[in-house]
Amino acid sequence: IPSGAITDLTRLVLVDAVYFNAGWRNKFDPKNTADATFTRADGSTVQAPMMHETESMPYAAGSGWQAVELPYDGDELGMVVVVPQDRTLADLEKDLTGSTLTQMISQLSSVDVRLSLPKFHVESSFKLRSALESLGMKAAFSGQADFSAMCSSEALYVSDVIHKGYVDVDELGTEAAGATAVLMAGRGIPTEPKVVNASSPFFYFVYDHA
């Protein structure tokens, strides 16, 4: 919760949190990790610790992209890394929808892959009030809110919804967490290995096979 979000008018903060910590089914060998050039979206470069592994893993390719899945222990979950090919991440993002991601997953099949993937730690935070209002949740943020079942001594409304999350990926696996806080106030998120080199911006997502 950022500084200043809680004021004298704040009456209640509801917090929901989730934590995820899973190891790769086939872990990267730390001996193969070495600094390499990573090209940022703006064209600038930085040296990043790049993990390397050659093994059989689910792989798919399409127009301007490659995708590879890194299964976690137990094979119930996996991280899919989507690397743009001869196009920018922003350009690829225009084609990414729920249906195209589902299609990518359906095309994954095991082949030998030579993968280069940076170790990374990402943090992000979002204020969700405007997004929720655009989806139709408007009364809760206004004087029309009715939370009398929670508090009868004072009229409450939702003043903001804040989400923060992080993802940490290394040779052993992935650690991730997310927390969403709702603030309420009184009125007053096969042969030759296929080469997948994530040395520039890429997409990643964790999904449940079920």
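This is a predicted model: local features need pLDDT of at least 70, side-chain atom pairs count only at pLDDT 80 or more; totals for chains, interfaces and linings use all residues.
Two strands pair if DSSP finds at least two bridges between them.

Strand β8 covers residues 156-169, and strand β9 covers residues 173-186. The two run antiparallel and are joined by 13 bridges, well within the definition of a pair, because at least two bridges are enough. One of these bridges links V158 to its partner M184 in β9. Three residues lie between β8 and β9, and together the two strands form a hairpin.

β8 also has a neighbour in strand β7, residues 120-127. Here the pairing is again antiparallel, with eight bridges. As an example, V122 has V167 of β8 as its bridge partner. Is β8 mostly covered or mostly open? Of its 14 residues, 10 are buried, so β8 is mostly covered. Buried here stands for a relative accessible area under 20%.

β9, in turn, pairs with β1: the two strands run antiparallel, and 13 bridges join them. Among the bridged residues is T10, whose partner in β9 is A185.

These pairings can now be put together. Which order do the strands take in the sheet? The order is β1-β9-β8-β7, in an open sheet of four strands with antiparallel pairing. At the edges are β1, residues 10-23, and β7, each of which pairs on one side only. On average, and with direction ignored, neighbouring strands of this sheet are turned by 10° against each other.

Methods. Residues are numbered from 1 along each chain as its sequence is written. Side-chain values use heavy atoms; hydrogens and water are left out. Buried means under 20% relative accessible area, exposed over 50%, partly exposed in between (1.4 Å probe, protein chains only). Axes are lines fitted to C-alpha atoms, for helices over the stretch in contact, and angles run from 0 to 180 degrees between N-to-C directions.
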